[in-house]
Amino acid sequence: MTTIWASAKANSRTKTYKDYAKPLWQRTLMTTESAVILGLILVVAYASIAVNNFASDITLYYLLRDITPILIIALPMTLIILTGDIDLSVASILALSSVTFGMMVQGGWPVPLAIIGTLVVGLVCGAINGFLVTVVGLPSLAVTIGTMAAFRGIAQGLLGTTAITTFPEEWTNLTSMKIGSTGIPVLSILVLVLIIVFAVIMHFTPFGRGIFAIGLSKEAAEFSGVNVQRTKMILFLLAGLLSALAGIYLTLKTSTARAENGTGLELTVIAAVLLGGVSIFGGKGAMHGVIAGVFLIGTIESALRLANVTSDVSRIIVGTLLVLSVISPSILAWIRGRRRPASTPGTQTQAFLAKS
Amino acid sequence: MTSTAQLTRDPAPLPPATPGPNPVARAIAAVFKRRETSIIIAILVVIAAATIVNDQFLVSKDGFRNLLLNPSIYILLSVGVAMVIITRSVDLSVSSTLGLTAYLTGRLFIDFPGIPIVAVFIAGIIAGGLLGLVNGALVAYARVPAMVITLGTMYAYRGINVAWAGSNRINPQDMPKEFTSLGTAQILSIPVLTIIAVVVVILLAWYMKNTRGGREFYALGSDPEAAQLYGLNVVKRNLIAFVLCGALAGLAGVLYAARYGTIDSAAGYGVELTAIGGAVIGGVAISGGVGTLWGAAFGAILLLTIKSALPVLGVQDFWQQAVVGVLIIGAIVLDRVLALRQHKKLITTKGASS
């Protein structure tokens, strides 16, 4: 280590930070996100060859319809995990929204009004989470374990084991409409708009930079003028709002409002986000990775279904993928540590500190 | 409040800012300040309310027995999860572990006719312990939050269970009578399952309170970095906590098979919320380092008592999970408020003394 520093000093031209950066192609291609996208391409390629009927517009249509709720909820979840928090209650908010939406429609509300009412319900749920996390100052894990039970419980209390299955046809048809003769559902355009909005917020606005900053260091973010509490509140509100939106979508898609809707969906969403390269410790991640993660899980599930593999196996796969995606950085670090112990950033900093 | 009682390890709390009138009053105050006491009072209130509405709830033979029997399985789960939470982790996979070991119990009886019951108990505990070991190893070696790991294993274990059991169902007649009758057997009118649960809680509570290993759980949960610097074997502690938690869930799975007789692949679905809820309501802080196993056990009893009281009190039991959720939130808010008050008190006493 010392020799490198000594030679750097001996050089007439002082090295700048740019000299320590990797080449551009490495920075863009050797990332977790690229690995996920590559994985997605490989899975799609393999499934197209190996699974009958996989490469068809019907498959694409069902795939897009199935992953829409996951995709919608993954957007705010990404931001929340980026700040180092978590929201386990999203699937329960979805269920509660689905139930209240069903009850509003059954109670004779016009559908647009019911949609607005349901979005308000989602916002209230998000506000409860946000209030407990920011104002009361509780850990989000504890809060959302509690609200996960509470919101689902209220949904069960309201509707019991019954289901509401009558919805106006023109609205349920909306979820199955396709763009022309392609297999792409019309509502995918709406989802695409949402993705773009969230990607822009996340990567190209001060608010988004603040989210990354909070995840890297809450204190440092606070000192640099990021309003940590307000940011977190907004994120939990967004999670509530979009979970309600996903709840409305799921209700219309299946024409069923039940308290059991979306059971276990929080796992799929969190798995997809972490698989997409977002660090569970916060501060690291990118939107294109998350989208690839959602598509990866969705593709695996739909390919397995087409191959007549039961959904239990895909549950094992999703669970294992989740575990693997969170431990892979540790495994990589361990392998690298074994191979080149001297080149880890930690030792470099130490050497630097020892010198100065 | 609970934290001081924990840290000093001795029943009398730190000298209060304003000394009470006499030791007896202070001792009474200390008892009433404990979380366990308030939980027991809450349990008694629920029982009293339900008994006033319908005296069958407590007085009848079945009523009394069910009050003791229903919580015993959940006590084991809550106590196991409490140990993990005290080390600042969490185990969401206990429900799936319970489901797997319950099915394993039934399968053992079917596949090995005449297998001794003790062997089945041991098999269940070991299987649970192994599943816990997987969790513990992933958490300890990969240094990843336990919540994500166990969320993953919760689905993976449940998936294994569903793949293994399929749509099969194990019925009471598939298992020997001596085993299924364990579920309702009594000694001195106390159900055997309750006795097993209480014995386990006594042993583990003693371990957590009085042994070096037990105190290290608290040290690790209070401040992991400090524990590491101090030289505690963090990996070993994490592993032990998860293995114990898994083994308890395994034992709970065997008892579940004995109690309910009918086991399918959905056995114990969603019970992790009750287990964690019981621990949190019983005063085990989710941020680690605080709480007692007794508190967790009483928290589980409170949840189950409420569950059986709801129909009696005229509330549909669909609302049960909402009650669980509200209680969890209430408990963590209470812990937060108490911690803030304690913090303020420490600052004022420090300011006064200097």
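Predicted model: local features only at pLDDT ≥ 70, side-chain atom pairs only at ≥ 80, totals over all residues.
Local features were considered only at pLDDT of at least 70 and side-chain atom pairs only at pLDDT 80 or more, whereas totals for chains, interfaces and linings use all residues. Residues are numbered from 1 along each chain as its sequence is written, chains are lettered from A in the order in which they are written, and side-chain values use heavy atoms, with hydrogens and water left out.

Chain A contains 16 helices and zero strands, where helices (H or I, at least four residues) and strands (E, at least two) are DSSP runs numbered from the N terminus. The C-alpha trace of chain A spans about 80 × 55 × 35 Å along its principal axes. Of its 356 residues, 49% count as buried, that is, under 20% relative accessible area, with exposed meaning over 50% and partly exposed in between (1.4 Å probe, protein chains only). Contacts (heavy atoms within 4.5 Å) between residues at least 6 apart in the sequence of chain A join residues at least 24 apart in 78% of cases.

The accessible surface of chain A, from the Shrake-Rupley method with a 1.4 Å probe, comes to about 16900 Å², and carbon and sulfur atoms account for 67% of it. Chain A carries 23 positive and 14 negative side chains, and the centres of these two sets are 17 Å apart. In this count Lys and Arg are positive and Asp and Glu negative, with His and the chain ends not counted; each charge is placed at NZ of Lys, CZ of Arg, CG of Asp or CD of Glu.

The contact between the chains involves 41 residues of chain A and 36 residues of chain B. About 3200 Å² is buried between chain A and chain B, 82% of it from carbon and sulfur atoms; this area is the accessible area (1.4 Å probe) that the two parts lose on being put together, summed over both.

Most residues other than glycine have a negative phi. Asn53(A), in the loop between helix 3 (32-50) and helix 4 (57-82) of chain A, has a positive phi near 65 degrees, and counts as exposed because its relative accessibility is 60%. Ser255(A) also has a positive phi, near 55 degrees, and lies in the loop between helix 12 (228-254) and helix 13 (265-275) of chain A. At 23% relative accessibility, Ser255(A) counts as partly exposed.
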